[in-house]
Amino acid sequence: MKSEQIVIEPVRGWQVIDWRELRDYRDLFRFLVDRDIKVLYKQTVLGFGWAILRPVLSMVIFTIIFGNLAQVDSDGVPYAIFSYVALVPWLYFSTALSASALSLVNNTEMLTKIYFPRLVFPMTPVFSKLVDFAISFVIVFVLMAWFRIMPTARMIFLPLLVALMMLTAAGMGLWFAAMSVKYRDVKHAMPFLTQILMYAAPVVWSGTLIAERFGEIGRILFGLYPMVGVIEGFRSALLDTGPMPWDMILIGTFSAAVMFVTGLFYFRRMEATFADVA
Amino acid sequence: MNASSNGQGAEKAIIVVGLGKQYHIGVQEARHDTLLKSAGAWLASPVNNFRRLRRLSAVDEGEAADVIWALRDVSFTIDRGEVVGIIGRNGAGKSTLLKILSRITPPSAGRVILNGRVSSLLEVGTGFHPELTGRENVYLNGTILGMRKGEVDRKFDEIVAFAEVEKFIDTPVKRYSSGMRMRLAFAVSAHLQSDILLVDEVLAVGDAAFQEKCLNKMEGVTRVGRTVLLVSHNMQVIQRLCNRAILMQKGRLTAEGAPSAIVGRYLNDALAATTLEPVELGQQVRMNRLTVTQDDIPAGEYLDSGRPFEVHVHYDILEPVRNLLLGFNVVAGDGIALFRTYDMLTYGLGERAPGPYESVFQLPGGLLPAGQYFFEVVVGIHRLRWLSKGDIRLRLNLGGARETDVDFPGVVSPVGSWTVHHNGDAAGEHV
């Protein structure tokens, strides 16, 4: 056994991120992601069918209300697939964000009984929720075949968009998770917040409305919300609703990176108090 | 046991210097007499709540009213290969110390150096998920405790065999009996490869046979030269496993030395009935004397457990006091808390006028088996504060009541009532 020395001292203020320690615990991270995935649909009749059913049912409701009744513009593609292509990244984002934000308050038992890098908690859902995302994504191709829509070559950029969507969920998740230990308000605010965030993103409406209503400046400002670029990017790549919105994606990447890095440091700063106030 | 590792200039495994930990306990809430004031307070409460929550994790140098030191100025060193027991009453700071050493919470002052890989067993089965199988939980729990997957792979068969759950290893843990779950959880923890092991009261799992197995395993662990720091209320475990003990009182380290000496000191930190000096508890109560009687005759420390006896608390109320709680924690000689009782059970919580009082608690005969017991005086004001919590202890020795050499194990020995029917015969009834 290699000898190592641990020094424990009072911690104050900002902390650096201990990458070496995170690497030592990578197996734990894997097993936690694994656990999340295995446990999610245990003792359900539909099992992973829920990963399909949830976005499909949302799609049906949105198509009836926004597509048929409210006649929301859908960039020239059938409203059903227009909303479904947005719902796939959106549902990933909202479930990963909520799970990440509540990961500490839902695990206080572990928090107060055992030590391991706390960063593992909020990062786990960011990866485990990808399974649902992948399953529901398959349905996109079924719908595209049904509506006879050919994907574009811009599909090669999808992994980039997926990475951006994960970064956004992780960044916001870190902030809310760190806050939630002391301020349990987060727990009560989360369902409401994800709803607001959904209507702020072009899930049920088209991103082209932004430029129409708020001009180019509005478009840039909206881009600060990374999910706007992600969803519009998905539509561009799969449904050919327009060119890839690179400007928005770039601004979104910038703000997601800022949120993630500041989130990491804020989390580390709050980390020392978790066990005491949990 | 490992005395040989001392004096060889063995490297220190644990060095603790001036360790302290303070907590903010939320400030007491103000009371409002009128509806208007209450409504005002309710409107302002988000602001006040925010201030209060923010303070929970603040670190103060000063001695603010809502700051308590759970641990103060604790220093000690432990050599490699030593097995050290930490004993002390509830709230003495034992668990806080282990939490700091296992990095769950940072200290407020001081410094700890740990030489070697540390693993801590503060609770068995942390992170066990009922929906996962035994196998999946072993891997998850093992990695939570700091093992790599490869290590769990190597130890897997050993763990499963130790827990005696081979047949059910691919069954979800929720179908396990609680005993099986505890055995599996302990088995994972017991097979951790580390240089320093921090253990908090986790040996008390499973039935007697499994506990014996756990103790043997712990002894094995200590024989291979690993350093162990063990918190326990079970003095037998401390004496059996440890080669040194540390006594903690009110967040400070007050004694260290051979386990038998320290355990003796901890237990005898109690009074023979007559030696109590009058002592003032807060501004309301002065404790004068504790006396014991059996059959209406003053008795000393030695009593017959078969007949009822009385413990008398003589005290003065110094100023009018409401909601007074006055009574005992009754603790067995090995530190196991048996029960608590207060005189409010008959006297109620109404105001007590100043003057001399005597509260008498009678314990029915035959309830407790022979052995040593401690009556810890607890005095407090309900929902407000403790005036004395276990600092005044009375030691009593109960002699055997049953004149037979049949063994009656257990923490209580009520006589109960037996009726024996011999079926098929005419009739024969004994009581």
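Mentor: One definition comes before the rest: rings of Phe, Tyr and Trp pair if their centres lie within 6.5 Å. On that basis, ring pairs link A:Tyr92, A:Phe133, A:Phe137, A:Phe141 and A:Phe234 into a cluster. Keep in mind that this is a predicted model. Over all chains, the structure holds 24 aromatic pairs.

Trainee: Why is the pair of A:Tyr92 and A:Phe133 called edge-to-face?
Mentor: The ring centres of A:Tyr92 and A:Phe133 are 6.0 Å apart and the planes stand at 70°. Planes over 60 degrees apart count as edge-to-face, so the pair of A:Tyr92 and A:Phe133 takes that label.

Trainee: What makes this pair a tie between parts of the chain?
Mentor: A:Tyr92 belongs to helix α4 (residues 79-101) of chain A, and A:Phe133 to helix α7 (residues 130-146) of chain A. The pair therefore ties together parts that are 41 residues apart in sequence.

Trainee: How do you know whether A:Tyr92 is buried or exposed? And A:Phe133?
Mentor: Buried means under 20% relative accessible area. A:Tyr92 has 2%, so A:Tyr92 counts as buried. A:Phe133 has 9%, so A:Phe133 is buried as well.

Trainee: What makes the pair of A:Phe214 and A:Phe222 stacked?
Mentor: The planes of A:Phe214 and A:Phe222 are 25° apart, with 6.0 Å centre to centre. Planes under 30 degrees apart count as stacked.

Trainee: Why is α6(A) called roughly antiparallel to α8(A)?
Mentor: Helix α6 (residues 120-128) of chain A and helix α8 (residues 158-182) of chain A pack at about 150°, their axes 9 Å apart. Angles over 145 degrees count as roughly antiparallel, and therefore α6(A) is roughly antiparallel to α8(A). The crossing of α6(A) past α8(A) is right-handed.

Trainee: Which residues of α6(A) meet α8(A)?
Mentor: From α6(A) they are A:Pro122, A:Met123, A:Val126 and A:Phe127. Among their partners in α8(A) are A:Met166 and A:Leu174. The residues of this contact divide into 9 nonpolar, no polar and no charged.

Trainee: Why does B:His314 count as buried?
Mentor: B:His314 has 13% relative accessibility, under the 20% cut-off, so B:His314 counts as buried. B:His314 lies in strand β14 (residues 309-317) of chain B.

Note on methods: Residues are numbered from 1 along each chain as its sequence is written. Chains are lettered from A and ligands numbered from 1 in the order in which they are written. This is a predicted model: local features need pLDDT of at least 70, side-chain atom pairs count only at pLDDT 80 or more; totals for chains, interfaces and linings use all residues. Side-chain values use heavy atoms; hydrogens and water are left out. Axes are lines fitted to C-alpha atoms, for helices over the stretch in contact, and angles run from 0 to 180 degrees between N-to-C directions. Helices (H or I, at least four residues) and strands (E, at least two) are DSSP runs, numbered from the N terminus. Angles under 35 degrees count as roughly parallel, over 145 as roughly antiparallel, 65 to 115 as roughly perpendicular and the rest as oblique. A crossing is left-handed if the near helix is turned anticlockwise from the far one by less than a right angle, and right-handed if clockwise. Contact means heavy atoms within 4.5 Å. Ala, Val, Leu, Ile, Met, Phe, Trp, Tyr, Cys and Pro count as nonpolar, Asp, Glu, Lys and Arg as charged, and the others, Gly among them, as polar. Buried means under 20% relative accessible area, exposed over 50%, partly exposed in between (1.4 Å probe, protein chains only).
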